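Welcome! Please take a look at the protein chain shown below, and then read on for a short tour of its features.

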Amino acid sequence: MSSVQNMAVPARLKPPSSALDVNAVRGDFPLLRQRVHGRPLVYLDNAATSQKPQAVIEAMKRFYTEECSNVHRGVHELSERATRAYEAAREKVRAFINAREAREIIFVRGTTEAINLVAQSYGRTQVKAGDEILITAMEHHSNIVPWQILCQEKGACLRVAPINDAGELLLDEFEKLLTSRTRLVAATHVSNALGTINPVQQIVEKAHQRNVPVLLDGAQAAPHLRIDVQTLDCDFYTFSGHKTFGPTGIGVLYGKAQWLEAMPPYQGGGEMISSVTFEKTTYNVIPHKFEAGTPNIAGTIGLGVALDYLNQIGFERIVAYEHELLLYGTEALSQVPGLQLIGTAKEKAAILSFVLEGIHPHDVGTILDREGIAVRTGHHCAQPVMDRFGVSATSRASLVFYNTREEIDALVAGLHKVREVFGT
Ligand code: 7TS
């Protein structure tokens with residue numbers, strides 16, 4: 001295995017199809033330069049949160065140094081500048097997912113808040129006793145629990161479409177679970193625990209054939225795939241800024257205007273009203289109806305710059321590069337004795353979840369950490385997925401376009417060390 005002391009990728013290892021210059025890209029991420037426990041950091045926990053390019057860090061610094069002011073309120077210069085920057089970020093998000101209109105973009109804290117917003121707001125008016133919400137067996141807790149809360153409140157029922165041993169959705173079973181009682185389908189675009197890329201186009205088509213709207217959880221898709229909500233024709237789409245090379249505390253809910261207009265507010269407060277008296281309040285137009293209180297202005301601006309950065313690299317290059325990395329990583333990990341990959345779907349994002357025979361994932365993670373390698377261990381907020389595969393936890397290496405084959409080699413070397421320590 002090659003050393004990661006020199007992080008440059010040797011020519012012979014360069015993925016043949018990729019025009020992505022990984023050394024140049026890595027140079028854009030200051031955090032990646034550090035050493036951890038005396039070793040060069042190998043950051044393979046991108047599904048939890050990704051690192052931020054310098055441009056994002058600079059944009060947020062600039063906001064606080066030169067533009068800090070509240071939005072949509074003052075007539076003064078700074079407030080107008082902040083408002084322009086905030087609304088410009090909304091337009092960048094619109095373009096990023098190809099939404100029809102900027103007013104279909106709601107800024108929230110992240111995917112979790114976006115799903116809770118739909119569960120509470122859409123659910124309050126559209127879901128009643130005896131109705132059903134259909135999800136899949138590979139959802140993150142954020143796309144399970146808000147629906148359970150809603151179902152408990154309303155006397156509705158949560159239905160779960162099963163997956164096979166590779167971690168792929170059983171589309172026929174999914175279709176059978178679509179009934180006249182189904183009020184919404186909520187499915188992940190990409191599974192955080194398995195890496196599976198769901199056939200979301202077909203999910204939407206099948207649901208729409210029965211007039212059932214669809215929410216897609218794009219938390220793990222937006223950093224890796226080009227998203228086009230008009231082509232997908234989904235009713236709602238969610239993603240988190242911090243997994244998309246932007247700041248924490250900012251995320252996106254896309255909703256078709258016709259839904260958002262019909263839905264009641266999620267939270268009450270400033271900005272979301274048109275007029276207030278003690279007798280009656282009328283609500284602001286979308287998107288403002290769903291953005292109560294002072295928003296995360298700096299975060300929004302940072303997110304806009306992160307999306308600019310992704311566009312600049314280009315998803316064609318990102319997809320090609322990450323695919324090569326996934327193939328290389330899958331092959332390399334398969335050579336480690338006693339290692340079982342959890343999640344072997346044909347359509348996969350660059351997520352490698354695995355168990356090592358006889359060794360608890362937390363021990364794997366702790367020993368890898370001493371080597372400077374960051375992976376996530378645990379249930380990944382997807383306990384039903386762990387149950388489905390009969391494990392309590394996995395170790396997970398989640399890769400993005402700034403990772404290299406050498407880092408995968410370092411992971412494999414680390415895993416051999418883990419096996420040595422445990423004598424397996
Ligand atoms: N949905 C999916 C598919 C996710 O992977 C996550 C976070 C969420 C929703 C929630 O996103 P948040 O930004 O609101 O927290 N997933 C993970 C993970 O895999 N490791 O840490 C967080």
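This is a predicted model: local features need pLDDT of at least 70, side-chain atom pairs count only at pLDDT 80 or more; totals for chains, interfaces and linings use all residues.

## Aromatic rings

How many aromatic pairs does a search of the whole structure find? The search turns up 15 aromatic pairs. Two of them are set out here.

| Aromatic pair | Arrangement | Centre to centre | Angle between the planes |
|---|---|---|---|
| Phe96 and Phe239 | tilted | 6.0 Å | 45 degrees |
| Phe245 and Phe401 | tilted | 4.8 Å | 45 degrees |

Let's begin with Phe96 and Phe239. Phe96 belongs to helix H3 (residues 77-97) and Phe239 to strand E9 (residues 236-240), so this pair ties together parts that are 143 residues apart in sequence.

Phe245 sits in the loop between E9 and strand E10 (251-255), while Phe401 sits in the loop between strand E17 (394-398) and helix H14 (405-422).

The charged end of Arg388 sits over the ring of Phe389, at 5.3 Å from the ring's centre.

Next, find helix H5, which covers residues 145-154. Its buried residues are Pro146, Trp147, Leu150 and Cys151. On the face of H5 turned away from the buried side, you will find the exposed residues Gln152 and Glu153.

## Details of the backbone

Some spots along the backbone are worth a visit. A cis peptide bond joins Ile286 and Pro287, with omega at about 5 degrees. Pro287 is part of the loop between strand E12 (281-283) and helix H10 (297-313).

Which values of phi do Asn98 and Asn211 have? Asn98 is not a glycine, yet its phi is positive, at about 55 degrees. Asn98 lies in the loop between H3 and strand E4 (105-108), and it is partly exposed, with a relative accessible area of 29%. Asn211 is not a glycine either, and it has a positive phi of about 60 degrees. You can find Asn211 in the loop between helix H7 (200-209) and strand E8 (214-217). Asn211 is exposed, with a relative accessible area of 72%.

The loop between H3 and E4 also holds Glu101, which is partly exposed with a relative accessible area of 29%. Glu101 and Met60 are 41 residues apart along the chain, and their C-alpha atoms are separated by 26 Å.

Another loop residue is Ala350, found between strand E13 (339-341) and strand E14 (351-356). Ala350 is buried, with a relative accessible area of 4%. From Ala350 to Tyr321 it is 29 residues in sequence and 10.0 Å in space, C-alpha to C-alpha.

## Empty spaces

Finally, let's look at the gaps between atoms. Rolling a probe the size of a water molecule over the atoms shows where empty space is left.

The largest pocket holds about 290 Å³ of space. Its lining has 18 residues, and those nearest its centre are Ile197, His323, Leu326, Lys348 and Ala349. Which helix gives the largest share of this lining? Helix H11 (residues 315-334) does, with six residues. By class, the lining of the largest pocket is made of nine nonpolar, five polar and four charged residues.

There are also two cavities of 30 Å³ or more. The second largest cavity contains about 30 Å³ of space. Val71, His72, Arg73, Tyr86, Glu271, His288, Glu291 and Pro295 line this second largest cavity. By class, they divide into three nonpolar, two polar and three charged residues.

Terms used. Residues are numbered from 1 along each chain as its sequence is written. Side-chain values use heavy atoms; hydrogens and water are left out. Rings of Phe, Tyr and Trp (its six-membered ring) pair if their centres lie within 6.5 Å; planes under 30 degrees apart count as stacked, over 60 as edge-to-face and the rest as tilted. Helices (H or I, at least four residues) and strands (E, at least two) are DSSP runs, numbered from the N terminus. A charge sits over a ring if NZ of Lys or CZ of Arg is within 6 Å of the ring centre and within 35 degrees of the ring normal. On a 1 Å grid over the protein atoms alone, a cavity is a set of points where a 1.4 Å probe fits but cannot get out, and a pocket is an open set with protein on both sides within 12 Å along at least five of seven lines; lining residues have an atom within 4 Å of a point. Grid points are joined across faces, edges and corners, and a volume is the space filled by probe spheres set on the points. Ala, Val, Leu, Ile, Met, Phe, Trp, Tyr, Cys and Pro count as nonpolar, Asp, Glu, Lys and Arg as charged, and the others, Gly among them, as polar. Buried means under 20% relative accessible area, exposed over 50%, partly exposed in between (1.4 Å probe, protein chains only).
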